[in-house]
Every structure is written in structure tokens, then in C-alpha cells.
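Please read the points with the coordinates open.

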Protein chains: 2
Amino acid sequence: MSVSATDPTIAIVGASGLVGQEALSILASRGFPATRLTLYGSERSAGQRVEYCGITIEIRQLNRITEQPPEYALLCADADTAKCCRSILSGTSTILIDNSSAYRLDESIPLVIPEVNGSLLECRPRFVANPNCSTIMLLTAISPIHEVFGVRSISVTTYQAVSGAGASGLEELHAQTRARIDDQSQEPRIFPVSCAFDVFEHESAIDPATGFNGEECKMIAESRKIWDEPGLRVLPTCVRVPVERAHAQAIMLELSRETSVEDLQEALRGAPGVRLHAGDRPLTPAQIAGTDDVVVGRIRVDPDDARRAILWVCCDQIRKGAALNALQILDRLEDARSGSLALH
Amino acid sequence: MSVSATDPTIAIVGASGLVGQEALSILASRGFPATRLTLYGSERSAGQRVEYCGITIEIRQLNRITEQPPEYALLCADADTAKCCRSILSGTSTILIDNSSAYRLDESIPLVIPEVNGSLLECRPRFVANPNCSTIMLLTAISPIHEVFGVRSISVTTYQAVSGAGASGLEELHAQTRARIDDQSQEPRIFPVSCAFDVFEHESAIDPATGFNGEECKMIAESRKIWDEPGLRVLPTCVRVPVERAHAQAIMLELSRETSVEDLQEALRGAPGVRLHAGDRPLTPAQIAGTDDVVVGRIRVDPDDARRAILWVCCDQIRKGAALNALQILDRLEDARSGSLALH
């Protein structure tokens, strides 16, 4: 892709974090021009220099974003930063795409997985929320099945990589594992227990009313909003595993009508964003880290009830689960602009 | 426990393996006398010396077991060894307790978790099968709930430690993790893929008809046999995780009637072999490794359907999942003998 006047200007807010870095890496692989890109960060990251396609870009302090409001601001930071950006950019025409949980359940804001409900982007909303990584992988994988067989209920159990908690989660896994191998111990800082050679319930706060943790609550509420089915039955159990990057999910579906492994494969084959795992080697999360697709392996149907299916799904939670999904939202918003320009 | 003429004679077959070693460790902690114990192993292990309560015991070659048939033979070896033992001890009065899968589904042989169906031991059968570790932990945890609320269907997803594949599985985890930390790689030998920082479906062979792996097939068939419910609906997904020892399970139950977290706690409190997890620290498998109980944490009820419950369960698969369960079978058989002696 060469430099083009039609490339939009993009600001990445939170450019030094795992998701911001991944967004940069995807833009670089597309050859997106550095001249259309600005990077912003917290006071702590401001002044850091980032290599982008052989050019050095300095991360600016966030309050400077209003000096040259970009066409798109990709928010790869926390909820407070998202709220701040929304406020300081309110008088501009910048479209914000937010990876945080700040506005995901706000009724006035679309929550979008382009492959699932991308049509919400046709009206070019000013603010779009990116769903939680676990929700993105779940719904990208099962929406094609829902269309054909009607999903009545979802039970999902996760195997979530420590990098879902950011770069510091990954550092903690490495440091604690190294310590354990050397017969030392290292106190947990990011997670409630040591993540070396152990698995534990997701570290998000538990809702005292239901006992569901924050990650599980997100999966329930966001799935209902994205499918626009307020009564959708979703029963998640979210667990961290000592994996560096990419999540896995065991998904059990109750369908409205009987299915077969072949029918499910047929529904998923060619579905956008989905890849059917092939080959004899078992599908694992580490194996697909750094790739774009939501990968579906081990499709089974309950031998005693052909309306129950089980899938094993893996997805890079930083890529399709965050940065890539946000950039796909941006792509669809650009398509919508071209479309509306063409109409005039 | 002092040396007593009433202690039975016990032979441990497969004394150098993880399960055999664990059985020895439990017997030692009970003060079981070395004079009543003989150890057997393969040609490879024969001649090895094992420390037991300060005394050195030599592992004998298995064919010597007929020289002095023990009252109980604890088979902690593979299916072929179990078949061989059954054959060579057929003319003796030895009672065999088998940890392998050789006879678990044999209709003439009881498959026993003492807390669940221990009454099958009252007639002192000559051969008793010990269930698979994943079945033991599942049914020990949910049988008390079944009694009160009637379990109509079970979906279970596992997080299984690599030591379930024996000592070599554990060595592979350590070697591969060490290699990965040093930016090296080490080819898998025990598992189909590297187990360092990754999770993967259980390595047992897949049934081409259903797509279920061997571990999942065992959980289905053994649960049906132990509960004596041939139509019981069990949907397992068995996954290995890079944990050294102790398994975890996320168990979703559909019950015959509505329940609550308090009612489920009440059903489990004081149930034999079960401990309710207490405290703020999340329950993890590594945390309970080396302990006896099946530990139940995170009890949740579906807010939209009070007949659906989810449990998070951890259990040392070498202890209660194998060696301890086998010794509890032996204890119950001894109780049955005392009972019948008392009757005469």
C-alpha cells in the first residue's frame, strides 16, 4: 500500500501497551503510511519512541490529541482513558473505536464484531465499542452455527492466556516459572496466585449476587447485546492457564434442531473470520498465536442428543480478540464512507 | 499403628511408578508394617530398592508373586500387567484391586468409589476395579448432589495435570519448559505437542465414531456403570494443561429440581471425601496437590434457570484419583471381613 491521500489519519491511544503494539504491527504489515499515524500514551509512556516501518515515531502525551484531531482514534487503553478521550474529542469529528469496557453496554453505542453485526457500522457511528476478547472469539465461532441451527443455550469454559492481563501478566508467568524451575518462589503481583504450573479462575472481581467473575459477566452481557437477544442463555466459566498468548474455549451449544459434525463443518467452512483446523496435530492456542482467524477444531455432536454440539476453539486474544477486530471496525467504517461518497 | 497379626498382607504391583509410590507413601503414613508388604515390578524395575519407613524393600520380578500369594494385590500398572496378574493369581485367594482400565467395564467386576458405591464391596469380590481419576473426582463431588437434587445431565471440562501420563509426563513438562525459557525447543515424546506454556486435548486415542477421546469415553462409560444409570448423559471435554500434579474440572449439572448455592453447599458439607473450599484465595489444583479430598470451590447456580449448577473441583489425581481410592477399597474389604468374622 503506497502513501495515499485517501488513507485516513489514525491515532493510537495506548501505543506502548500489548494491544496498541499489535495494532501498530498490523498497520505496518498493511504498509499503512507513518505520515497518517500519531501515537499517544500516558504521562509515563509519553516521549518513548516506537519503530514503525523503519521510521521512529514519538509517543505524545494524550492531552495533545486535540491539537490535530485524527479521523479515527483507536483507544487501546483502560476505561478511564476511554472516558477522557470521549470527553476531550467531543467537539471534533474524530470517530473513536474503544477496546476498553467503558461503553460496551451503553445502549447508545454499538458493540461490534464486524463478521457478526458489522451492519451497525453502515451509519458511521461516532463511537464504537470493541467487545471483550472472549466474547469476540465465542461469537465469531458460533454465529455461523446460530444462523443455520439456532443456538438456544451456550455453556463455555475458557483456557485464557496470561497476556490477557497485559504485558505484566506475561512477565509474571515467565518470572514465576523460572523461579519455580530453580526451586525458588516469587510472590504474585498481577494475579491472585502464582501462575507457574497452575490454573485459576479469572482474576476479575466476582459479582456477589451471582458468583460470576467480571470476565464471565462480560461474556453474558456482551453476547446478548451483540446478538440482540436479551434472554440468551450463556453460562461461562473463565479460567487462566499458564499459556503466554492466545485463548482456548470449550463451547457446548444447545441447538434448536438436530445437527451433525458434517453440517457444522459446512456451516463454518468459509464463514468470515473462521478457519477450520485441519491435520492430525491437535489444535492448541500457542500454535495459532499471532494469526488472524478464530480457529475451530474438535467438532463433536452428543451421540445421545443431536441438538447438542461441542467445539474446541482457539484465537489470539490480542489480535482478533482486540487489535485486529478494532482495525476491522475501522475498515468497515471506511467502506461505509466510500459507499456514502459514491452515492453523492 | 503397630505391627499386628491382623494386618493383611499386601503386594504392590508396579511399585516404582507414580501410583505405586503414592500407595507406599500412604501406607507408610499409616504405619503399615513393612513385614506385611511385598513389592513387585517389571523386569526393568526388579532389583530396585525402595525405602519404606526406614527399611529397604527390594522390588521383585512379578512372576514371583505366586510364591507367597498376598491377601491383597494392589495393581498399579498397565492393563496387560493386570490381565497377567489376574491369570497367575487365579488359583489363589488373593483379592486384586486394579488401577488399570483392563476390567473397568467388565460386567462381572465391580468398579468402585467407596464413597459412592462402596456397598458393592460387602460381598468381598475377588477382583475390584478402580475407576479412572477423572471419573473418581467427578462422581465423588457430584454424588451427594445427585442424591438430593437428581442429576439429569453432566457437562464437564477438564484441566488435567501432565503427571496423569506418569512420571515421564512430568519430566517432559519440566524439560520442555526449561528449554522454552532458554529459547530452545525440545521435541515431544509423551504428548503429541509440546506441553510447555500450552494446553491441548487429552492424548488418548480418539473414537472415530464419536470424536470423543479415550479419557472422555472412560468418563462416560464409567460414570454410567458406577451410578448404574446406563442412560446417564455425560458430555466431557478432556484437556491437558501445564500443571504438574492435580486435576481441575468445571462441571455443569442439569438437575431435576431447582437449587441454590446454599442448598448445594449443604448437600456437600460433610459428604465423605469432599471438602468445601474456604477462604478468599481461589481454589487451584497445584494448591491441593498431595491432599486427600476432592475439593469443591466456586459453586454457582444459573441466575436464569435454578436447575443448572456449575462447580469448580480440584483433586490430586494420583492420590484420591488412584492410590488412595484403591487403598480405601482395600479398607472397606477389610471392614467387610471383620464384619463377616464378627457374624460367625
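1. A:L276 has A:V296, in β14(A), as its bridge partner. That bridge belongs to the pairing of β13(A) with strand β14 (residues 294-301) of chain A, which is parallel and runs over three bridges; strands are taken as paired if DSSP finds at least two bridges between them. Helices (H or I, at least four residues) and strands (E, at least two) are DSSP runs, numbered from the N terminus.

2. This is a predicted model, in which local features need pLDDT of at least 70 and side-chain atom pairs count only at pLDDT 80 or more, whereas totals for chains, interfaces and linings use all residues. Residues are numbered from 1 along each chain as its sequence is written, while chains are lettered from A and ligands numbered from 1 in the order in which they are written.

3. The six strands of chain A form an open sheet with mixed pairing, in the order β10-β8-β12-β15-β14-β13. Its edge strands, each pairing on one side only, are β10 (233-237) and β13 (274-276) of chain A. On average, neighbouring strands of this sheet are turned by 25 degrees against each other, direction ignored; axes are lines fitted to C-alpha atoms, for helices over the stretch in contact, and angles run from 0 to 180 degrees between N-to-C directions.

4. Helix α7 (residues 261-268) of chain A lies across β13, β14 and β15 of chain A, and runs at about 160 degrees to β14(A). Contact here requires that the C-beta atoms of two residues, placed from the backbone, lie within 7 Å.

5. The contact between the chains takes 41 residues from chain B and 41 residues from chain A. On the side of chain B that touches chain A, these divide into 23 nonpolar, seven polar and 11 charged, where Ala, Val, Leu, Ile, Met, Phe, Trp, Tyr, Cys and Pro count as nonpolar, Asp, Glu, Lys and Arg as charged, and the others, Gly among them, as polar.

6. Chain B superposes on chain A by a rotation of 180 degrees with 0.0 Å of shift along its axis (RMSD 0.0 Å), fitted by least squares on the C-alpha atoms of residues with pLDDT of at least 70 in both. That is the relation of a two-fold axis. The same surface serves both copies, since 100% of the contact residues of chain B recur in chain A.

7. In α6(B), the buried residues include B:M219, B:I220 and B:I226, buried meaning that 20 or more other C-beta atoms, placed from the backbone, lie within 10 Å of a residue's own. Their cover includes α3 (114-117), α4 (133-149) and β10 of chain B.

Note on methods:
Buried ≥ 20, exposed ≤ 12 C-beta atoms within 10 Å, placed from the backbone.
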